[in-house]
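Good morning, everyone. Please bring up the model on your screens, and keep the sequence beside it.

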Amino acid sequence: MIDLPKPNPAVLARRDAILAALHTLVLDGPFGQGVIGDPHRLRAYETDGLSAYRQPPLAVVLPTTTEEVAAVLRYCRQNGIRVIPRGAGTSLSGGALPLADAVVIGLMRMNRILEVNYADRYAVVEAGVTNLGITQAVSADGFFYAPDPSSQLACMIGGNVMMNSGGAHCLKYGVTAGNLLGVKFVTIEGEVVEIGGQHLDAAGYDWLGLITGSEGQLGMVTEVTVRILRAAEGARAMLAAFRANEVAGQVVDAIIGSGIIPVALEFMDRPAIHACEAFAQAGYPLDAEAMLIIEVEGSTEEQDVLLGRLKEICARFDPISLRVAETPEESLAIWKGRKGAFGAVGRISPDYLCMDGTIPTGELPHVLRRIGEMSDNYGLLVANIFHAGDGNLHPLIMFDANDPESFRKAEAFGADILKLCVEVGGCLTGEHGVGVEKRDLMPVQFTAAELTQQRRIKSAFDPQWLLNPAKVFPLEGNPALASAA
Amino acid sequence: MSATTEALAPADEAGIVEAVRAAAAARTPLAIEGRGSKRGMLRPVQAGRSLSTTGLTGITLYKPAELVLSARAGTPVAEIEAELDRHNQMLAAEPPDFAALFGHDRPSTIGGMVATNLSGPRRIGAGGALRDQVLGVRAVTGHAEVIRSGGRVHKNVTGLDLCKLLAGSHGTLGILTEVTLKLQPRPEASLTLVIRVADLAAGVAVLSAGLGSPFGVSGAALLPRGEAMLGLEGPAALLRLEDLAQFLPHRAGRLRQELSAFGSVELVEDEASRALWHAVRDARPLAAAPEEAIWRLSVRPSAGPDVARRLEEAFGARLLLDWGGGLVWAAGPATDAAHAAVMAAARAAGGTFTLFRAPDPLRSAVPVLPEEPAPLAMIAQRVKAAMDPEGILNPGRMRG
């Protein structure tokens, strides 16, 4: 279990007064949901997508306006109270894990789409609008919002900004940072600042770029101006299965080297294929060691040309099977297993940890071999899903949460995988964020001087370290959390 | 030009660290440069000594199949582009070459390119900014410490993204010593639709229609006075298509159909198309005289025509619009009045501006970038102190 800072007894002692003050700052809606202090209702906020860690907060506020968010932040800073920003709570790294003495500011009631402009290709939305909600608002006109994390049905754009979320299609369209124009940013002092706007590129320092992916360390975002893109005429997928991970890795290199950038290029290893096939009956080849799902975009004729070229490339590597979708329905069938991968693994194992390292794609065979050895040593199964075009690896480590020893082993196994990712030239997290989960591994990737420099930037925004503390940076060396652990 | 009297050009990163350490100890400001190709940008640096990365050269990693390249900061961009060209790849941001615009022949370096975050016409695509393609950096801070941020992989959200902070910081927060960039395959073919339009508003409407089409438009610019290269005199909208050669006729045909209501459409292909976009990229159609000033405004594209009209009326600005109409280049007299008109036009459009190039008297005297709101200005001061506590890196470059 991860160390969290000791709650501030002075804050805990003032609980009732703090709740009373918050009630004056955030208006209740018709169901009284503005401020939550009831211990039973607080339990709904004790964890996020990383459910192994739980800690109910002191209080939860659910504001509906930027002014309310600003008022709560101002109050918390003046009173030395820690703050945990929260979107939908889908973080897989514990990014929204509360602290016992902290106020959670949840954005789910700020869920309005404020403006859509097709001529200038942007949408202004409140931070609690879901990722998919943006695309749904513009899809009838042929547009979409490009980043598509697997949780897109639930996750909120404010959380996407804070984690710089990716998805299966960022090979072509980039991650969240590349699809933003501006944010309404609230500082810990409760000041509201417009950063960026409806235009490209700010003059001066790139605050928008720095804030994106900052995991709630620098301030809160209440409104987001996203770029919307016109969708391609159509898209189609193919499936290619191979006799070895090494071979599939060579195919990925050959595809990128040929100058074709598919919109998606997904890799699954044998355990992942089997888990997904058992769950979804997608017709995946069970005799394969590795499988690729490759998707291209364009007119039907363009898709035919691109899929034809990809088929030729795959054919050079002695594939076990090659299946090109002829219709959109066949594409959906190919994707069906992959999209249900998390549920599929959940079906064969009571619990799993989803890891998120990135590696240079050329290292894939080596890394999968080492993960296989670790799996044997720890006695835990692992299935590997990989955004092969951009090197983002998602090993799903299966364990039993009711067995503390199994959980401890799973955590250690995960840490070993991430260390391996760094060792081969990659990083600890490609899209899930550091959160609490990978906080203590940061020294594996960064030198002391590098971490100190990042902490100095954090301090420039949040001198008292009240914003989402105990995440991202190891506790030792944080002056404001010195009373910790 | 700043009046530097001494130029330091260490042979390696350790030499940069030593130079910064000594300057910090003595509180001696340093003008940070690559080869000085953009020395004329923004404000003159207040430093008697320059520190250059010209000694740090060479590509340190190139993996075509992983679309990644690392190079030491002083490596000329042209050298990198030549190497990429051999593998049918390119720098995705289409970085401009402003040697002609600044009236010299000094090559730009890859470090200077990242430090100024200048993107070309491909900026309009998702993830099209130069800073979006910076996968990793090594830099020496004002603490005389080497830090890395990012890495060499495409997806990386580990820790605060100091790559973004350093890209576009003009050497005021750290000295880049090595950068790692995401690459793109070079499209097999390039084709430009040239649409003669009645005025700028119609021109931006054409560009919006093109960018709102499903055909993957990768460049959308507007030449208010035509283009000698094309024998055009009136306003012309340009839409670029790039992909496999066999895809372009179909897409051009469909676009042509959709746009014919706006004006006559001509096609420019291959080398002529590439040459046209190099000219747009480097803002050559502005043809500014050396004593003139050049501004760069970024606004919502549909506000571009109004900004252009205001600047024409205020000082007879010569103009070039890119990024679907949202990037407005303007050239005109280097006067306070012209600068005031630019600031007012940017503010009215809810956008931003840069005094990109001007004679020293003007660029020393006026704000070359918009003022930041007070809470952000305070954070900016703290961030500057966090990166450069003695204030020795490029003082005065961005703000007075």
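Two strands pair if DSSP finds at least two bridges between them. Strands (E, at least two residues) and helices (H or I, at least four) are DSSP runs, numbered from the N terminus.

A word on the source. This is a predicted model: local features need pLDDT of at least 70, side-chain atom pairs count only at pLDDT 80 or more, and totals for chains, interfaces and linings use all residues. Residues are numbered from 1 along each chain as its sequence is written, while chains are lettered from A and ligands numbered from 1 in the order in which they are written.

Start with chain B. Find the open sheet of 3 strands, ordered β1-β3-β2 (chain B), with parallel pairing. Which strands stand at its edges? They are β1 (6-8) and β2 (30-33) of chain B. Each has a single partner strand, so one side of each is left without a neighbour in the sheet. Neighbouring strands here are turned by 25° against each other on average, direction ignored. For angles, axes are lines fitted to C-alpha atoms, for helices over the stretch in contact, and angles run from 0 to 180 degrees between N-to-C directions. Now take one pair. β2(B) runs parallel to strand β3 (residues 49-52) of chain B, with 4 bridges between them.

Next, the domains of chain B. Bounds come from an automatic or database domain assignment. Chain B has domain 1 (1-186), domain 2 (189-281) and domain 3 (286-365). The centres of domain 1 and domain 2 of chain B, taken over C-alpha atoms, are 32 Å apart. Their contact takes 7 residues from domain 1 of chain B and 8 residues from domain 2 of chain B. Contact means that the C-beta atoms of two residues, placed from the backbone, lie within 7 Å.

One residue before we leave this chain. A272(B) is in helix α8 (residues 270-281) of chain B. The scale is simple: 20 or more other C-beta atoms within 10 Å of a residue's own make it buried, 12 or fewer make it exposed, and partly exposed is in between, with C-beta atoms placed from the backbone.

Now chain A. Its assignment gives domain 1 (9-106), domain 2 (113-230), domain 3 (235-341), domain 4 (349-423) and domain 5 (439-481). The centres of domain 3 and domain 5 of chain A are 41 Å apart, taken over C-alpha atoms.

Chain A has an open sheet too. Its 4 strands run in the order β1-β2-β4-β3 (chain A), and the pairing is mixed. β1 (35-36) and β3 (82-86) of chain A are at the edges, each with a single partner strand, so each has one side without a neighbour in the sheet. β3(A) runs parallel to strand β4 (residues 102-106) of chain A, joined by 5 bridges. P85(A) stands opposite I105(A) in β4(A). Helix α4 (residues 66-78) of chain A packs on the sheet and touches β2, β3 and β4 of chain A. Its direction makes about 170° with that of β4(A).

Move along to strand β13 (residues 264-269) of chain A. How many of its residues are buried? The count is 6 of 6. In a regular strand the side chains alternate between the two faces of the sheet. Here both faces are covered: A264(A), E266(A) and M268(A) are buried on one side, and L265(A), F267(A) and D269(A) on the other. β13(A) pairs in the antiparallel sense with strand β14 (residues 290-297) of chain A, over 6 bridges. It also pairs in the antiparallel sense with β18(A), over 3 bridges. E266(A) has a bridge partner in each: I293(A) in β14(A), and H387(A) in β18(A).

Then helix α13 (residues 341-348) of chain A. Its buried residues are A341(A), A344(A) and V345(A). They lie on the same side of α13(A), because they cover an arc of only 95° around the axis. That arc is taken from the directions from the helix axis to the C-beta atoms. Their cover includes α10 (270-280) and β18 (382-387) of chain A.

Last, the two chains together. 81 residues of chain A are in contact with 67 residues of chain B. On the side of chain A that touches chain B, the largest share, 10 residues, comes from α17(A).
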